[in-house]
Amino acid sequence: MATIASRSQEIIEQAQRFIPGGVSSANRLVEPNLVFTRAQGAYIFDAEGKRYIDYHAAFGPPLLGHCQPEVQQRVVEAMSHTDVIGVGSSDLEAQLAEKICEHVPSAEKVLFCNSGSEATYAALRLARAITGRQKIIKFQGCYHGWHDAILMNVITPAEKIGQRDPLSAGMLPQAIENTLVLPFNDLNAVQQVLQEQGTEIAAIILELIPHNIGTVLPQQAFVQGLRDLTRQHQIVLIFDEVVTGFRHGLGGYQKVLGVTPDLTTMAKSIANGFPLAALAGRADLLDHCAPGGDVFFAGTFNAHPASVAASLATIEILERPDSYAHLFNLGKRMRDGLAEIVQRHGITATVAGFGSIFLLYFMEPPIESYTDLLRNDAKKFVDYRCALITRGIYELPVNLKRNHISLAHSAADIDQSLEAANEVLKAL
Ligand code: PMP
């Protein structure tokens, strides 16, 4: 019989024999190469049974905590009498669409798909169809999924700043050429491009807070400026709220800022871990989609009843008066605690985040765009997290990745994590 200690290694070796690299998604191959076999509430458990406080949270979905019992129960109920039928829509799907339109300022209508990438793909196609234009603008540091139009310039090496930095071989050159990449929070750069090429731009897409490089807060004037300029040039403005949607409030971060885009994409915590994404926005734009319009939108598993049931349960829990207060209070407790530790030990570091998201950059402020983050000490960033992992705190040990707090985390979890952070930072 295999010893318990070799179980992780066994699973890794078996996976690597049959799955390229042993993982089915690029960012899952990280050192130390742990295998997790159980997730419950705020915790994940490795194959040896060791418990970790989970702040990676699968890049964000389990906002209520892993395997949230009410969500699980609603999924089991839904799946006890249906699976996929594939004709028409379901009563739950209609209820969910109504809820999203009730909460998200830009949502007059909504379409469901399975992943954030599918939603941003559909948003960009719709924008191109409506405007008859081809080019799009994205911002350095933002990630919007794996498709050719936007898979570029997220964590770009210093020598490639200002150039296109495609993240995969095999991308269509025409798709890459039609995407312009500009610095975040730089309205002048956008203005300049629009002066020259405004009539060729179909869409501007952005993460309202570029959480794929941690947390870079947007300047209100930048986002409002984008809103004004896109109106002026008849460009479709897309807020990619795949991370910020539901996590930062039922209305997303657009509600916090008070700026409403034409289209919004949402995924991740919308269904607390079940695969669901949404493309929402102005009714007159979404009505261009099939079957009413000529923009093709389809998917065998779109609005899968399990995910729809999970999403309805998730939103109902988030609607309870204390939910966001708990998330935001714990976020603040963590950020304040880290700031105090950093100051006490005189460490060059900056605490960043918003709401339930936090992280520690090893650099001085200011942090207004991706290029500022080139000053982050990537080695310290990863070493710090690896040391936390040995103490039972899981923050993904990859440069610039954000951490997530869930409703299942407690003040005691945060305090235990701060104690570990204190030990590690003192020694770093
Ligand atoms: N947009 C943003 C802002 C994201 O963070 C991600 C995923 N990290 C995506 C889109 C793509 O979502 P998915 O991985 O579900 O395709």
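Analyst: A352 has L359 in β12 as its bridge partner. This is a predicted model, in which local features need pLDDT of at least 70, side-chain atom pairs count only at pLDDT 80 or more, and totals for chains, interfaces and linings use all residues. Residues are numbered from 1 along each chain as its sequence is written.

β11 and β12 (residues 357-361) pair in the antiparallel sense over 5 bridges. Two strands pair if DSSP finds at least two bridges between them. Strands are DSSP runs of E with at least two residues, helices are runs of H or I with at least four, and both are numbered from the N terminus.

Now step back to the sheet. Its 3 strands run in the order β11-β12-β14. The sheet is open, and its pairing is antiparallel. Which strands are at the edges? They are β11 (350-354) and β14 (403-404), and each pairs on one side only.

A helix joins the picture. Helix α11 (residues 323-345) packs on the sheet and touches β11 and β12. Contact here takes C-beta atoms, placed from the backbone, within 7 Å. The direction of α11 makes about 175 degrees with that of β11. Axes are lines fitted to C-alpha atoms, for helices over the stretch in contact, and angles run from 0 to 180 degrees between N-to-C directions.

Elsewhere, two helices pack together. Helix α6 (residues 187-197) and helix α7 (residues 220-232) pack at about 15 degrees, with their axes 10 Å apart. That angle makes α6 roughly parallel to α7, a label for angles under 35 degrees. In this contact, L187, V190, Q191 and L194 of α6 meet A221, F222, G225, L226 and L229 of α7.

Note on methods: Parallel < 35°, antiparallel > 145°, perpendicular 65-115°, else oblique. Contact = placed C-beta atoms within 7 Å.
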